[in-house]
Amino acid sequence: MSAESLCRKDREFQPLKLSTFPDSRRASAARFVLTGAVICALPSFASGYAMTLAVEVMIAGVFASGINLLIGYTGLVSLGQAMFLGLGGYGIAVGTALLGWPLWVSAAITLVVVAMIAAAIGAICTRTRGVEFLLITLAFSQMFYGAAIKLRWTNGSDGMSGIPRPDLSQLGLSAHGPVVFYYYILTVSALALLLLWRIVNSPFGSVLIGIRENERRVMSMGYAVAHYKIGAFALSAVICAVAGILQAQYTYFVNPDSMSWQVSGEGVLMVIIGGANVILGPFVGAAVFVVVKQALSLITDEYNLFFGIFFMLVVAFFRGGILGTLRTLIGKWR
Amino acid sequence: MAFSFEKSTRTILGAAAVLAATVGIPSYAQDKGPIKIGLILTYKGVYAPVSEGFDRGLQIAIAEYEGKIAGRAIEIIRADDELTPSVGVQKFNKLVQLDKVDFVTGIVGSNVAIALSELADRGKVPVIFGFAFADEITGKFCSPYIARSSFSANGFQYNSGKYWASKGIKTAVIMGPDYSAGHSFLGAFKRGFEEGGGKVVQEIWTPFQKTKDWGAALTQAGNSGAQIIYAFYAGSEAVQVVKQHADFGLKDKLPLIGDQWVYDEALWPALGDLVIGAKHITVHFPDLENEASKKFVKAFREKFKEDPDVNAALGYDNGKAIMLTLEKLGGEIPEDRAKIISTMRDLTFDAPRGKIRFNAQNSALLEKVYLVEIVKDADGKPRRKFVDEFAGAGDLSGCAKSF
Amino acid sequence: MQLFLLQFLNGFQLSMLVFLLAVGLTLIFGLMNILNLAHGAFFTMGAYFGLIIAKATGSFWAALLIGPLLPFAAGFVLQFYVLQPLAERGRSTHLDLALLTFGLLFATAGAVEYLYGSSFYSIATPDLLKGRIAFLGIEYPTYRLFIIAAGISVAAALSLVIDRTLIGATLRAGVDNREMVTALGININVLFALVFGFGSALAGFAGVVAAPVMSIYSNMGIGIVVTTFVVVVVGGLGNLKGSFYASLIVGMTDTFAQAFFPEAELFAVYALLIAVMIIRPQGLFGAVGRLA
């Protein structure tokens, strides 16, 4: 992503500001609480299918958020983050089914392992930039994809099923029920979002943004840019892996398809639609993506065609995604 | 980085409201509305022609009952799983939660079936698989909510292996797509073949849906010194394998034997004369001499102006099993929908392929398997000719649950 | 020995097919810095258009000559009327253009699916090329030898054009220093559009050439795109000779892995790419110091 297209030099570079319009701080906080309340209360007035869609949106949103950390905030566009989505899912599948560990242990170990793998891969990939970075991340994810298809230990292209959901029996709840599962996903998504917000607004996050804007200047300021890039890559991978775990729990299975480059592409699209470098952008993008895909498939069989056209229009005309465009429009008003 | 609450808030609030409003409208429970059946097939992609045949066969079966059971109309809601498990899951959820179907049927690919089996079991939604031959589906992944109206890979291929061994074939090379159904089919053949005294000298597995060029694989097979290639491929993969097999001059040197999907009718236009002389096993062909088959073929010819392929026969069997079950239930969907499956399990009926009955794991069994040869008929068009028949085998064990 | 020779020829044939695709992509990238993810769409377009021609005229050769014309026109139009204006307006960066072409890839597959459904089609092998040729103790399908010949001829012809003609010189100059070429009075937009069209035509040509061997179906372009990228990167972005050798490497690796090390099949090619990127990020044959 070019610096110019993503950077709104006038307002953005002010961390910790809660609102673009300082006089309505309280109003914006109120709106936030209201939205949160609606989302929390969704199961009580929405049907089962709406909840299923909402779950899909949230899982996609977490995945896209991980990608956003890399694309939006660090300026590194990767077409390979799906490999971490897949690794997350396979991690708990292998941990719970093949190694017999409890879910929480498997999840924790999976995330640690993913962070390590990502750091290693990141060390290699971040030596390149731009298009080469794109292609090498793509190559890595295709490699994992190919390995997953061939590996008999994890059932090759058939994947593994029987992924467990969290055992909430002590609370008297079953995570198999749609409502309970919805709240579980909501909780994890909110935590992921919080984590991302903390990262972005920390000094570490500021350096990442600096790298996106002008890498050489950050280097000349004495920062070990390579380390920061690797760190961003690893963090992004962990968030994507969390999404992978949630996805595996949602469908009860995992297979190599979740590592394909089409999945990576869809994640990037969600970030672009919603607005890169905005915290909630990926979730908005995920919501639009999932809903549009559903709506299109209800209307027509040829959703590939309309989808491709939609993608192209968004990229060509909606600079900064939906949120970015809205911001520009509203900014023009006032 | 400014955290812009307003725009994001508004958008999310708006989206949530729209979502909830459009989808959350309560539907009033209707007493005697239509019986809704979700039909998931692969209408696009490698297995598209297979799906179309199945759909047609299903329509013939339902038409026998004039589209009604006990005064209730049968409504079929179709969905395309794109032969991809994650899409299959999405469509399943949509059918069950949005369209509120009473049960789901269809599903071609074993990969999608395996993904749905868990979901069906957890969600307590009955699924009747119309293809999905991998043994694990009614083995390891068995459930009181899953049935299969076709047959298992072992049931189809095990005795085929024994048959070929008994006909003087001592060495074979097996070739197939590297996924559950491929392994089930060819694994069963290998077991039967080797128990019959033959030897599989080489196994060639090609990446499922990803292989474009079979040159390398066929060259390896040609070099193996075996007497036949025994293969399982379907749809567009089958077309390419048969064509390239002939391209490499292997048609006479190393005959390509398989099941009816390797030589499916849908592929005949693309293959031309290559199919003449090919031998394969099948569960049904248009000239089969039994009452149920004659009736089915006649109805199919009237409606669609051509002969049914084996996929249509399987669709018909699936539809017949469903209609008979619904008839037995008096058109009432029971509270515990597992009863639909258990009722189906107790059926025995005459189908175009022979007698159909189910085993304890809700898997339909094959009475007979036929060997046919494709020859040119008087009009110069290819036709299947009966050569031999043998019994279908039982299923592999592997179901740990009891129901 | 015979097995080795057969597999070598299989690998060679696959390499030439991939080369036809990769060379167009690397030209486009080298000159305009556009990562054309829709390249696969032109492959598909060429194949289907060739199918139409073959059905209309009954001749494979007509399909081969006329088939690539549609992708040429489509590519030209895309670059001249869509991509170039967007790039100039400054609203879209190279990456955005790449993503735009990503959307185009799926849109084309969808359009083709809509028009033709998901059946697979085929163009009949021309009578001249049917059958097998026997040599060195083996028999190899004639048509596959034709594919090899086609690839080598295109490589030779392009090499001649690029190195020995004025157009080739202009192209090379454009890759090295775009502004200077414009300053010399050459209409760079038309040149770019022509090159884009030509690269797309090559992809279309590959589509028609591949048709008798593989089936024609709506998703045929999507699968082959990733392999093409591997070749382009290994060969060095913008490097023609590099893409030829890289095609050979990738084609042989793929074929021999499939034949002798099937467990490594899908893995090997990407591991190769990564190894190349680590050791020489500019590609095996690329110029040192080339930045994205």
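Which side chains meet in a salt bridge at 3.4 Å, N to O? I looked this up in the predicted model and found E139(C) and R132(C) as the two partners.

**Entry: salt bridges in chain B**

I searched the whole structure for salt bridges and noted 26 of them over all chains. One of the pairs I followed up is K401(B) with D121(B), whose closest N and O atoms are 3.3 Å apart. I placed K401(B) in the segment after strand 15 (382-391) of chain B and D121(B) in helix 4 (residues 110-123) of that chain, so the pair ties together parts that are 280 residues apart in sequence. K401(B) is partly exposed at 39% relative accessible area, and D121(B) is also partly exposed, with a value of 22%.

I next took R384(B), which forms a salt bridge with E265(B), the closest N and O atoms lying 2.7 Å apart. Here R384(B) belongs to strand 15 of chain B, while E265(B) sits in the loop between strand 10 (256-259) and helix 10 (268-271), so this pair ties together parts that are 119 residues apart in sequence. When I looked up the accessibility of R384(B) and E265(B), I found both of them buried.

**Entry: Q157(B)**

Is Q157(B) buried or exposed? I find Q157(B) buried, because its relative accessible area is 0%, and the cut-off for buried is under 20%. I located Q157(B) in helix 5 (residues 153-166) of chain B. Setting aside neighbours within four places in sequence, I listed its contacts as F185(B), A188(B), F189(B), Y230(B), D259(B) and I281(B).

**Entry: chain C as a whole**

I counted twelve helices and two strands in chain C, and reading along the sequence I wrote down the pattern α-α-α-α-α-β-β-α-α-α-α-α-α-α. The radius of gyration of chain C is 19 Å, close to the 19 Å that the globule rule gives for 292 residues, so chain C is as compact as a globular protein of that length. Along its principal axes, I noted that the C-alpha trace of chain C spans about 60 × 45 × 35 Å. Of the 292 residues in chain C, 60% are buried. I also looked at contacts in chain C between residues at least 6 apart in sequence, and 78% of these join residues at least 24 apart.

**Entry: where chain C meets chain A**

How many residues does the contact take from chain C and from chain A? I noted 40 from chain C and 38 from chain A. Together the two chains bury about 3,800 Å² between them, with 79% of it on carbon and sulfur atoms. I looked for charged pairing across this contact and found zero salt bridges between chain C and chain A, while the count of residue pairs in polar contact, with both residues at pLDDT 80 or more, is one.

The largest share, 14 residues, comes from helix 5 of chain C. I sorted the residues on this side of chain C into 31 nonpolar, four polar and five charged.

Terms used: Residues numbered from 1 in each chain as written. Chains lettered and ligands numbered in written order. Predicted model: local features only at pLDDT ≥ 70, side-chain atom pairs only at ≥ 80, totals over all residues. Heavy atoms only, no water. Contact = heavy atoms within 4.5 Å. Buried area = accessible area lost by both parts, 1.4 Å probe. Salt bridge = Lys/Arg side-chain N within 4 Å of Asp/Glu carboxyl O. Polar contact = N/O pair within 3.5 Å; in protein donor to acceptor, adjacent residues only side chain to side chain. Helix = DSSP H or I, 4+ residues; strand = E, 2+ residues; numbered from the N terminus. Nonpolar A, V, L, I, M, F, W, Y, C, P; charged D, E, K, R; others polar. Rg over C-alpha atoms; globule rule 2.2 N^0.38 Å. Buried < 20%, exposed > 50% of the residue type's maximum accessible area, 1.4 Å probe, protein only.
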